[in-house]
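Welcome, and thanks for opening the viewer. Let's take a short walk through this structure together, one selection at a time.

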Amino acid sequence: MKIVATDRKGATRDVEGRDGWSVMEILRDAGFDIAAECGGACACATCHVYVTDGWFEKLAARSDAEIDMLDMALAVEPNSRLSCQITCAPELDGIAVTIAPE
Amino acid sequence: MSRTVETDVAIIGAGPIGLFAVFELGLLDLKAHLIDILDRPGGQLTELYPEKPIYDIPGLPIVTGQELADRLMEQIKPFGATFHLSQMASGLTKLADGRWKLITDAGIEIVAPVVVVAAGGGSFVPKRPPIAGIEAYEGKSVHYAVRKMEAFRGKNILIAGGGDSALDWTINLAPVAAKLTLVHHRDGFRAAQHSVNKMRELAAHGKINFEIASVKALHGENGQLNAVTLASPDKKEWEHLCDTFIPFFGLTIKLGPIADFGLNLTENLIAVDTAKFESTTPGIFAIGDINTYPGKLKLILSGFHEAALMAQAAFHIVRPNEKLRFQYTTSSSSLQKKLGVA
């Protein structure tokens with residue numbers, strides 16, 4: 001599956017996702033500037049992304065823990081997600097995300 | 001206001017690896033002082049995931065961040081390390097006698113032959129909202145903490161955030177402020193329920209205002225704020241008058257002054273050898289998440305191993321004329337005496 005990722009400067013490129021991996025892991029390993037301080041434990045909000053409309057609705061709903069952690073994120077928008085909580089899967093092929101400001 | 005202390009080893013960072021370093025150094029009779037920017041030991045364990053379970057600590061099938069920090073504190077208790085908390089290591093200089101002087105931003109000077117950087121990803125600092133030009137207001141009309149409530153008397157305050165800090169300070173500053181508004185991006189909070197209830201009660205009685213919105217822009221001059229632009233989730237924007245803005249979005253990790261210590265950094269990590277975990281600057285060691293070497297894994301257990309080898313090497317620097325006797329805690333009565341169990 002493919003992830004269409006846009007960095008904080010607005011540059012977009014495709015990265016290859018892996019089923020079962022989190023989008024955070026894929027972006028981090030692909031060299032995107034994503035702190036992911038807690039390492040994917042849904043405990044820090046430093047992997048915050050905006051999910052492009054159309055894709056946002058396809059995702060599983062946010063857990064309570066993610067809703068709570070998003071309160072600690074900056075510049076939260078209705079389409080905000082923590083990328084450590086999005087799991088790559090075939091039905092998300094082509095998902096477009098933008099890394100939120102630090 | 002500066003105060004100078006002398007010790008064997010100065011440790012930057014009181015996270016799990018800094019704490020375990022105290023243990024390994026202590027077995028070799030080396031005394032340590034630790035510096036941490038947080039107000040309690042534990043580092044990421046207690047700041048980021050106190051209640052999350054950790055499953056890969058050898059011998060502890062499941063332990064939470066807070067429990068591991070507590071157990072480490074118990075384990076190092078016999079060695080009487082000194083903690084300098086709520087302060088940041090801000091400068092490092094080499095003295096004429098070959099020792100190092102580590103300075104904190106609270107005016108403590110630690111003089112030691114060995115410095116151990118166990119700083120993880122760096123210092124926990126308040127998150128700065130991504131609002132253009134906010135730096136110009138910081139310290140004057142934008143604050144990330146409340147140190148003295150009196151400083152906020154009579155102010156028209158805007159607080160942003162939805163956690164305990166935002167709620168607690170909304171409640172505490174309400175009687176002091178001329179006017180106080182809390183903004184949060186949703187009508188829900190990750191804070192203690194009684195704080196949320198109290199805030200809603202204050203809002204119902206007109207003592208504070210609560211707006212579901214985000215701060216988009218700041219307006220003012222010479223560092224003095226006089227208004228902000230707020231935006232609601234449905235993108236409506238309006239101006240809100242205020243002279244003080246206190247954002248509470250928790251903490252994030254920045255490398256901070258360590259970057260200017262003259263150490264050999266690779267992408268904000270300190271390169272070390274894998275025999276001693278010493279940096280390319282003799283006498284300066286780096287252990288835990290802050291270091292890098294071929295094969296490095298950012299795991300707590302790797303940091304524990306690094307601490308043990310570092311301590312052996314540190315001994316030879318601190319006590320150059322003594323022979324290091326390698327012993328086991330199971331069999332050595334002198335180690336057991338140090339641990340207070342013999």
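Predicted model: local features only at pLDDT ≥ 70, side-chain atom pairs only at ≥ 80, totals over all residues.

**Stop 1: helices 4 and 5 of chain B**

Select residues 164-173 for helix 4 of chain B and residues 193-204 for helix 5 of chain B; their axes come within 9 Å and cross at roughly 45 degrees. The crossing of these two helices is left-handed. Now show the side chains where they meet. From helix 4 of chain B, pick Asp164(B), Leu167(B), Asp168(B), Thr170(B) and Ile171(B); across from them in helix 5 of chain B are Ser195(B), Val196(B), Lys198(B), Met199(B) and Leu202(B). Colour this contact by class and you will find five nonpolar, two polar and three charged residues.

**Stop 2: helices 1 and 3 of chain B**

Next, select residues 16-27, which form helix 1 of chain B, and residues 65-76, which form helix 3 of chain B. Their axes are 9 Å apart, and the helices pack at an angle of about 20 degrees. That angle makes helix 1 of chain B roughly parallel to helix 3 of chain B. Here too you can look for the hand of the crossing, which is left-handed. Helix 1 of chain B brings Pro16(B), Leu19(B), Phe20(B), Val22(B), Phe23(B) and Gly26(B) to the contact, while helix 3 of chain B brings Leu68(B), Ala69(B), Leu72(B), Met73(B), Gln75(B) and Ile76(B). By class, the contact of these two helices has 10 nonpolar, two polar and no charged residues.

**Stop 3: the domains of chain B**

Zoom out and colour chain B in two parts: domain 1 covers 3-125 + 252-338, and domain 2 covers 128-249. The centres of the two domains, taken over C-alpha atoms, are separated by 38 Å.

**Stop 4: where the chains touch**

Bring chain A into view. Chain B gives 18 residues to the contact, and chain A gives 15 residues. On the chain B side, eight are nonpolar, seven polar and three charged.

**Stop 5: the sheet of chain A**

In what order do the five strands of the open sheet in chain A lie? The order is 2-1-5-3-4, with mixed pairing. At the edges, select strand 2 (12-16) and strand 4 (80-82) of chain A, each of which pairs on one side only. From one strand to the next, the twist averages 35 degrees.

Finish with strand 3 (residues 48-51) and strand 5 (residues 95-99) of chain A, which run antiparallel and are joined by three bridges. Select Val49(A), and you will find its bridge partner in strand 5 of chain A, Ile99(A).

Technical notes: Residues numbered from 1 in each chain as written. Chains lettered and ligands numbered in written order. Pairing = 2+ DSSP bridges. Helix = DSSP H or I, 4+ residues; strand = E, 2+ residues; numbered from the N terminus. Axes fitted to C-alpha atoms, helices over the stretch in contact; angles between N-to-C directions. Domains from an automatic or database assignment. Contact = placed C-beta atoms within 7 Å. Nonpolar A, V, L, I, M, F, W, Y, C, P; charged D, E, K, R; others polar. Left-handed = near helix turned anticlockwise from the far one by under 90°. Parallel < 35°, antiparallel > 145°, perpendicular 65-115°, else oblique.
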